[in-house]
Amino acid sequence: MSGAALPLVRIPVGIVVERRKADSPWVDVVWRGVAVLPDEPETRPWTVLREEEGTTLFYAGSATVDLYPLETARYRDNLASGSPSIWIVLAPAEGAWPYSVAAATADPAEGEAFTEAGANLVEAVPMPEMLRKAIESFTAEHHVEREFFKRKRRQADPEALARRQHEGGHE
């Protein structure tokens, strides 16, 4: 996300979540995002899509993949990775369901940033073809190559370092 900048394009998507019986003595089930649907289905959040042998797939709700002109280099890198992804973010929720859909992004750095909140579930899932085409088109239209400027370090003044007073009056 580009701070206060507004996205130029917002693409609605649906989020599919899996609940799987855990093979663990400490937890009963494991939750994870598994897919992005191209567009928002007219289905209520937390509708069961399929159940089989300890695994249930849910339509968890909708999100938007927001595209910002200043992030096109990251989208381009994602598209060129060989397996373009959308990062699904599920946040802990109070109520009937343990998680809610918090976000979906095509920006790998933003996806990684969502992992900093330790309770979020963040999964990179395959990017649907429709989204790939839309992001390629957006990137082609808005990408501007930016020159990398390396900052120059200031040289340390050894004399100034030698004169530094130590706290407590000790040298």
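Glu-71 is buried, at 10% relative accessibility, where buried stands for under 20% relative accessible area, exposed for over 50%, and partly exposed for what lies in between (1.4 Å probe, protein chains only). Its salt-bridge partner is Arg-74, and the closest N and O atoms of the two are 2.8 Å apart; a salt bridge here is a side-chain nitrogen of Lys or Arg within 4 Å of a carboxyl oxygen of Asp or Glu. Arg-74 itself counts as partly exposed, at 37% relative accessibility. Before we go on, please keep in mind that this is a predicted model, in which local features need pLDDT of at least 70 and side-chain atom pairs count only at pLDDT 80 or more, while totals for chains, interfaces and linings use all residues. Residues are numbered from 1 along each chain as its sequence is written, and side-chain values use heavy atoms, with hydrogens and water left out.

Helices and strands are DSSP runs numbered from the N terminus, with helices being H or I of at least four residues and strands being E of at least two. Asp-107 is buried, with a relative accessible area of 1%.

The structure holds seven salt bridges. One of them joins Asp-66 to Arg-10, with 2.8 Å between the closest N and O atoms. This pair links distant parts of the chain, 56 residues apart: Asp-66 belongs to strand β4 (residues 55-67) and Arg-10 to strand β1 (residues 9-21).

Now let us turn to a sheet. Strands of a sheet pair through backbone hydrogen bonds, either parallel or antiparallel. In this model, three strands form an open sheet in the order β6-β5-β7, with antiparallel pairing; two strands are taken to pair if DSSP finds at least two bridges between them. The edges are β6 and β7 (121-126), each with a single partner strand, so one side of each has no neighbour in the sheet. From one strand to the next, the twist averages 25°, with axes being lines fitted to C-alpha atoms (for helices over the stretch in contact) and angles running from 0 to 180 degrees between N-to-C directions.

Strand β5 (residues 85-92) pairs with β7 in the antiparallel sense over six bridges, and β5 and β6 likewise pair in the antiparallel sense over six bridges.

Where else does the backbone show a positive phi? Trp-46 has one of about 70° although it is not a glycine. Trp-46 is placed in the loop between β2 (29-38) and β3 (47-52), and it counts as buried, at 12% relative accessibility. Glu-53 is also not a glycine, yet has a positive phi of about 40°. Glu-53 lies in the loop between β3 and β4 and is exposed, with a relative accessible area of 84%.

Our last stop is Pro-69, found in the loop between β4 and α1. Pro-69 is partly exposed, with a relative accessible area of 26%. Leaving aside neighbours within four places in sequence, Pro-69 is in contact with Leu-8, Phe-138 and His-142, where contact means heavy atoms within 4.5 Å. Pro-69 and Leu-6 are 63 residues apart in sequence, and their C-alpha atoms are 9.6 Å apart in space.
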